[in-house]
Amino acid sequence: MCDLFALCAAHSHCAATSLPLFAARGRRNVHGWGIGFFRQNLPVVEKSGEKVFQEGRLHASFQRLARVVASPIILAHIRYRSSGQVDECHAHPFALDFWGQSWIFAHNGEAGAIEPYLSRHLPLLSAGSDSARTFEFLRDYFADAASRRRHTPFLQILKEALIGLIERYPGEYNFLLSNGAFLWAFTNHRQFLLLRGSQKLEDALLLTTIAEGLSPENWQKISRQEGTWGKILLIAGGDLVLAEDLLPPAVEAIESSGQDLPGRLN
Amino acid sequence: MCELFAMSAGQNYTAQDYLPVFADKSRTNISGWGIGFFRAGQVHIEKSCEGIYAGDQVHDSFQRLARVVDSRIIISHIRCSKAGHQKESLAQPLSDHFLDHHWLFNLTGDFPKAAGYRSPRPIIPEELLAARVFEFIRDGMEAQLQDRHDLSLYQALAVTCKKLITDYPGEYIFFLANETVLFAFLNSAQVLIYHPPEVQGESLVLTTVSGGLTRDPDNWRAYPNADRSRGQILIISGADLLYQGHL
């Protein structure tokens with residue numbers, strides 16, 4: 001199974017310590033790697049179809065990029081192929097424009113049902129994988145909802161898109177999505193591990209799917225709660241700003257209408 | 001009533017298209033003003049105890065600052081005479097450093113009971129209601145988030161706001177921002193939000209000024225709150241309203 005990494009801070013940070021640890025602990029993923037970040041609101045993605053770890057050594061380019069890349073938000077992905085070919089094109093993150101902004105996206109999980117999905121919008125991603133189709137599905141939903149941008153909170157559109165995705169294309173979804181200003185993380189299967197205020201790694205918010213975390217510190221485990229369709233995190237400026245459950249459609253509709261639900265904060 | 005303004009963008013912007021209109025429409029508030037913003041991770045606040053209008057002109061400094069200040073988040077406050085004080089140092093926005101961030105805060109409403117709050121760490125010693133509310137919010141969020149890295153800022157703020165309107169009933173509208181995220185809380189009246197056309201750049205403008213800050217009030221979406229005992233929180237980052245949460 002692929003693994004995900006994100007660093008988020010209020011100001012530009014390097015991930016020179018945590019990225020190599022992420023690669024080393026995710027070395028079983030042998031089908032490529034990628035690092036994505038933003039420079040002046042434009043996405044920059046460096047990726048490869050080669051192993052991130054080979055013969056006991058970290059891929060030289062990955063190592064150099066880990067030392068050099070500096071940005072308030074850095075995403076990384078190490079791939080274990082479950083869909084599509086093994087090459088640079090199929091490595092993550094991917095980049096697409098929607099909602100008036102550029103976004104980068106990295107995913108892990110198996111969602112074979114979405115592989116035949118045909119996007120109604122351009123451009124199309126050249127990769128033939130469930131991850132590429134998932135990103136296109138989300139892009140399409142936001143593109144179709146563009147006229148609602150002025151009066152609808154982003155999370156409401158995202159929840160609608162995720163419900164549509166899971167209803168029509170059931171599968172395991174676990175992704176990171178960022179426009180450089182903030183980061184959304186979603187999971188309906190694996191857990192995320194989150195750390196703030198590390199004494200051993202970067203002093204930023206760190207997020208990963210590596211089960212043991214990246215250091216012997218107090219990593220918080222965040223996962224989907226029973227009875228929900230997934231967990232959505234909003235991360236910005238080095239903080240966990242919001243953690244929301246994606247509720248089943250009928251419950252989500254009641255929640256959106258503002259009616260009371262058991263367990264609501266009041 | 002004092003009036004509030006905030007602008008959020010994905011990159012540094014000036015609020016020169018909106019701050020002069022904000023001043024113009026708040027001209028009856030003659031007791032001071034302030035503009036707060038972020039630069040290189042630090043808070044900068046320029047404030048004055050003079051009227052926002054001098055003769056038939058917007059205050060000279062306010063006009064110049066409106067043209068020059070650029071930041072991802074800009075917050076402004078125009079003080080009404082009901083505020084009951086004239087000192088420049090007591091004008092808003094207020095600022096403090098907590099939870100690893102510099103924060104800006106401005107507030108309007110009617111909340112006399114909040115004067116009773118006594119923080120162990122006052123921001124300023126003077127009897128300033130806005131300071132007492134800011135201290136309450138800060139102390140509450142810190143208490144919520146102490147050793148709870150899995151708790152979100154929203155959750156901490158929501159619990160604190162609920163406690164605020166329970167312990168010190170009143171009518172509150174405030175903006176609370178660090179360099180990345182802006183929270184708007186209200187349990188009365190309304191906040192208006194405007195998303196300018198893309199040709200003017202990617203930003204979001206918020207105000208309490210009735211009718212908004214452009215010619216056509218229909219361009220502004222109102223977020224009203226009628227029930228004082230509940231309230232709502234808006235989360236804004238970059239040029240997007242990300243979330244609307246009801247307490």
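Reader: Which residue forms a salt bridge with R190(A)?

Author: This is a predicted model, where local features need pLDDT of at least 70, side-chain atom pairs count only at pLDDT 80 or more, and totals for chains, interfaces and linings use all residues. Residues are numbered from 1 along each chain as its sequence is written, chains are lettered from A and ligands numbered from 1 in the order in which they are written, and side-chain values use heavy atoms, with hydrogens and water left out. A salt bridge needs a side-chain nitrogen of Lys or Arg within 4 Å of a carboxyl oxygen of Asp or Glu. With the closest N and O atoms 2.7 Å apart, the partner of R190(A) is D3(A).

Reader: How many residues apart are R190(A) and D3(A) in the chain?

Author: Elements come from DSSP runs, numbered from the N terminus: helices are H or I with at least four residues, strands are E with at least two. R190(A) is in the loop between β10 and β11 (192-195) of chain A, while D3(A) is in strand β1 (residues 3-14). The pair links distant parts of the chain, and the separation is 187 residues.

Reader: Are R190(A) and D3(A) buried or exposed?

Author: Relative accessible area decides (1.4 Å probe, protein chains only): under 20% is buried, over 50% is exposed, and in between is partly exposed. R190(A) and D3(A) are both buried.

Reader: Which residue is linked with D3(A) and R190(A) in a network of salt bridges?

Author: Over all chains, the count comes to 24 salt bridges. One network holds D3(A), R190(A) and R28(A).

Reader: How far apart are the closest N and O atoms of D245(A) and K231(A)?

Author: D245(A) is in strand β15 (residues 239-246) of chain A, and K231(A) is in strand β14 (residues 230-236) of chain A. Both residues are buried. Their salt bridge has its closest N and O atoms at 2.9 Å.

Reader: How many residues of chain A are in contact with chain B?

Author: Contact means heavy atoms within 4.5 Å. On the chain B side, 39 residues take part. On the chain A side, the number is 32.

Reader: What area do chain B and chain A bury between them?

Author: Buried area is the accessible area (1.4 Å probe) that two parts lose on being put together, summed over both. Here 55% of it is on carbon and sulfur atoms. In chain B, H149(B), L242(B) and Y243(B) lose the most area to chain A, together 21% of what that side buries. Between the two chains the total is about 2,900 Å².

Reader: What kind of aromatic pair do W103(A) and F182(A) form?

Author: Rings of Phe, Tyr and Trp (its six-membered ring) pair if their centres lie within 6.5 Å; planes under 30 degrees apart count as stacked, over 60 as edge-to-face and the rest as tilted. The structure holds 33 aromatic pairs over all chains. For W103(A) and F182(A), the centres are 6.1 Å apart and the planes are at 65 degrees, giving edge-to-face.

Reader: In which strand does Y243(B) lie?

Author: Y243(B) pairs with Y154(B), with ring centres 5.2 Å apart and planes at 85 degrees, so the pair is edge-to-face. Y154(B) is in helix α4 (residues 153-167) of chain B, 89 residues away from Y243(B). At 11% relative accessibility, Y243(B) counts as buried. The strand of Y243(B) is β15 (residues 240-246) of chain B.

Reader: Over which ring does the charged end of R27(A) sit?

Author: A charge sits over a ring if NZ of Lys or CZ of Arg is within 6 Å of the ring centre and within 35 degrees of the ring normal. In chain B, R27(B) lies over the face of Y53(B), at 4.0 Å from the ring centre. In chain A, R27(A) is 4.0 Å from the ring centre of F53(A).
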